[in-house]
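Please keep the sequence and the structure in view while reading.

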Amino acid sequence: MRYISTRGQAPALNFEDVLLAGLASDGGLYVPESLPRFTLEEIASWAGLPYHELAFRVMRPFVAGCIADADFRRILEETYGVFAHKAVAPLTQLGANEWVLELFQGPTLAFKDFALQLLGRLLDHVLTKRGERVVIMGATSGDTGSAAIEGCKACDNVDIFIMHPHNRVSEVQRRQMTTILGDNIHNIAIEGNFDDCQEMVKASFADQGFLKGTRLVAVNSINWARIMAQIVYYFHAALQLGAPHRSLAFSVPTGNFGDIFAGYLARNMGLPVNQLIVATNRNDILHRFMSGNRYDKDTLHPSLSPSMDIMVSSNFERLLFDLHGRNGAAVAALMEAFKATGKLSVEDDRWTEARRLFDSLAVDDETTCATIAGVHGETGYLLDPHTAIGVRAARECRRSPALPMVILGTAHPVKFPEAAEKAGIAAVPQLPAHLADLFQREERCSVLPNDLKAVQAFVSQHGNRGKPL
Ligand SMILES: *Cc1c(COP(=O)(O)O)cnc(C)c1O
């Protein structure tokens, strides 16, 4: 499989190079040159397979030529073996024809584990084969950092530096990062906000002199391997609920458009999906595009669902590429104009196509809390605020009551106790067994000023298993 850039100018790469690449050299994102397409008979024959084996069938075409079948099978079995639930991604029924797909049974209790547990193992495999070491730098407002650290902690060839805004992530989120101890794990609390952290990551990719030749790898949601891993659970859920003999709908709590883009790919690969709902919080740039063809940058509104607090959606460009008939020059022109003006809209027929593909809804904090309280009252089931937004959008936007509706459960409610409290729910959610002693564990973290030079000096001092590069 070869991968091409959404802006059409960068060289095509194989899977291994895409795994190690961040942005393409022309500023675009990598996408497969062509998608594998499965027949209904083939999909039907996968019913009942264990998660890791289904993952092998779905992803094999994407890694073909780079990772041998036996290695890939072993990696997938290890990856999904660390999830707490035997079903890996279990379904819980909430209402008539309505299910939550629990994607929070992994080590850090959010769906990002599905991709980052795999990414860490794939990196380790590829880097061992090449005899290469890399440095990862990432910024997090919470969930990505812990999932990336958990995913990479066992990688001998990787030093990982995760920046979070000092005193601005929840205690559970901070401890999930800082209590993972290892020579190659470096938590940095920046005296600034999330955007400051992200800017420093971007600046470091743009100017890598401080790394003395060591390769810098991105683990944010633009990494193709993350999208790829997320395709699998759409197939998994659908097969549980009778696909491919019947079609179904998905509602997806959305920020950077990575998770729902995977659902769009699953449909293009042959899964009968009747409806895909983009569910956003008040940071609703995607809803504004879907409902009014205005993808305009707004200010950031902090919400009760912080993992969806974004101003622009980094994977949206991948959809634009398809909407424009995979014309890289057209996408490059649109993105250049967006960079200059903060505004973007597409021609009418392309927008009509986007509306055919996706429904959308923006849900504010008040409605999020009302949904948490409502569902808890009906069923006793506690939703996290991100998943609650998905439930709300599913109920408002549903096209067919006869088809199964699956809401992606993106985080465990214990990660976001504030929302449950605001929803008036007295029973505090409990940490699962593997994290029960989280508040007693030793923490390791360095506090640094909001200063690029200081951060880069820190990375070059510690980037080789804690020793200088
Ligand atoms: C990252 C995240 C999202 C948003 O996913 P995208 O792929 O960025 O759209 C939603 N919910 C939770 C809990 C997350 O951590």
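## Two pairs of helices

The axes of helix 5 (residues 112-130) and helix 9 (residues 224-240) come within 8 Å of each other and cross at roughly 130°. Here an axis is a line fitted to C-alpha atoms, for helices over the stretch in contact, and angles run from 0 to 180 degrees between N-to-C directions. Helices (H or I, at least four residues) and strands (E, at least two) are DSSP runs, numbered from the N terminus. Helix 5 and helix 9 are therefore oblique to each other, given that angles under 35 degrees count as roughly parallel, over 145 as roughly antiparallel, 65 to 115 as roughly perpendicular and the rest as oblique. On the side of helix 5, the contact (heavy atoms within 4.5 Å) is made by K112, F114, A115, L116, L118, L119 and L122, and on the side of helix 9 by A225, R226, M228, A229, Q230 and Y233. Sorted by class, this contact of helix 5 with helix 9 has 10 nonpolar, one polar and two charged residues, where Ala, Val, Leu, Ile, Met, Phe, Trp, Tyr, Cys and Pro count as nonpolar, Asp, Glu, Lys and Arg as charged, and the others, Gly among them, as polar.

The model is a predicted one, in which local features need pLDDT of at least 70 and side-chain atom pairs count only at pLDDT 80 or more, while totals for chains, interfaces and linings use all residues. Residues are numbered from 1 along each chain as its sequence is written, and side-chain values use heavy atoms, with hydrogens and water left out.

A second pair is formed by helix 15 (residues 365-379) and helix 16 (residues 385-397), which pack at an angle of about 85° with their axes 9 Å apart. That angle makes helix 15 roughly perpendicular to helix 16. In this pair, T367, T368, T371, I372, V375 and E378 of helix 15 meet P385, A388, I389, V391, R392 and R395 of helix 16. The residues of the contact of helix 15 with helix 16 divide into six nonpolar, three polar and three charged.

## A helix among its neighbours

Six of the eight residues of helix 7 are buried, so this helix is largely enclosed by the rest of the structure; buried means under 20% relative accessible area, exposed over 50%, and partly exposed in between (1.4 Å probe, protein chains only). The buried residues of helix 7 are V172, Q173, R175, Q176, M177 and T178, and they pack against helix 6 (143-152), strand 7 and strand 8 (185-191).

## Backbone details in loops

Where does N167 lie? N167 is in the loop between strand 7 (158-165) and helix 7 (171-178), and its phi is near 65°, a positive value in a residue other than glycine. K212, in the loop between helix 8 (194-206) and strand 9 (215-217), also has a positive phi, near 50°, and is likewise a residue other than glycine. In the loop between helix 9 and strand 10 (248-253) sits P244, and the peptide bond from A243 to P244 is cis, with omega near 0°.

## Accessibility and contacts of single residues

The table gathers the relative accessibility of several residues.

| Residue | Relative accessible area | Class |
|---|---|---|
| N167 | 66% | exposed |
| K212 | 57% | exposed |
| R350 | 24% | partly exposed |
| S303 | 15% | buried |
| L361 | 15% | buried |
| Q456 | 7% | buried |

S303 is found in the loop between helix 11 (285-292) and helix 12 (316-323). Not counting residues up to four places away in sequence, S303 touches N281, D309 and D365. The side chain of S303 also makes a polar contact with the side chain of D309 at 2.7 Å; such a contact is a pair of N or O atoms within 3.5 Å, and within protein one must be able to donate a hydrogen and the other to accept it, while residues adjacent in sequence count only if both atoms are side-chain atoms.

L361 belongs to strand 12 (residues 359-362), and, leaving aside residues up to four places away in sequence, L361 touches V278, A279, T280, H287, R392, A393, E396 and C397. Q456 is placed in helix 18 (residues 452-462), and beyond its neighbours within four places in sequence, Q456 is in contact with A203, S204, D207 and F210. R350, in helix 14 (residues 348-357), touches L323 and H324, again not counting residues up to four places away in sequence.
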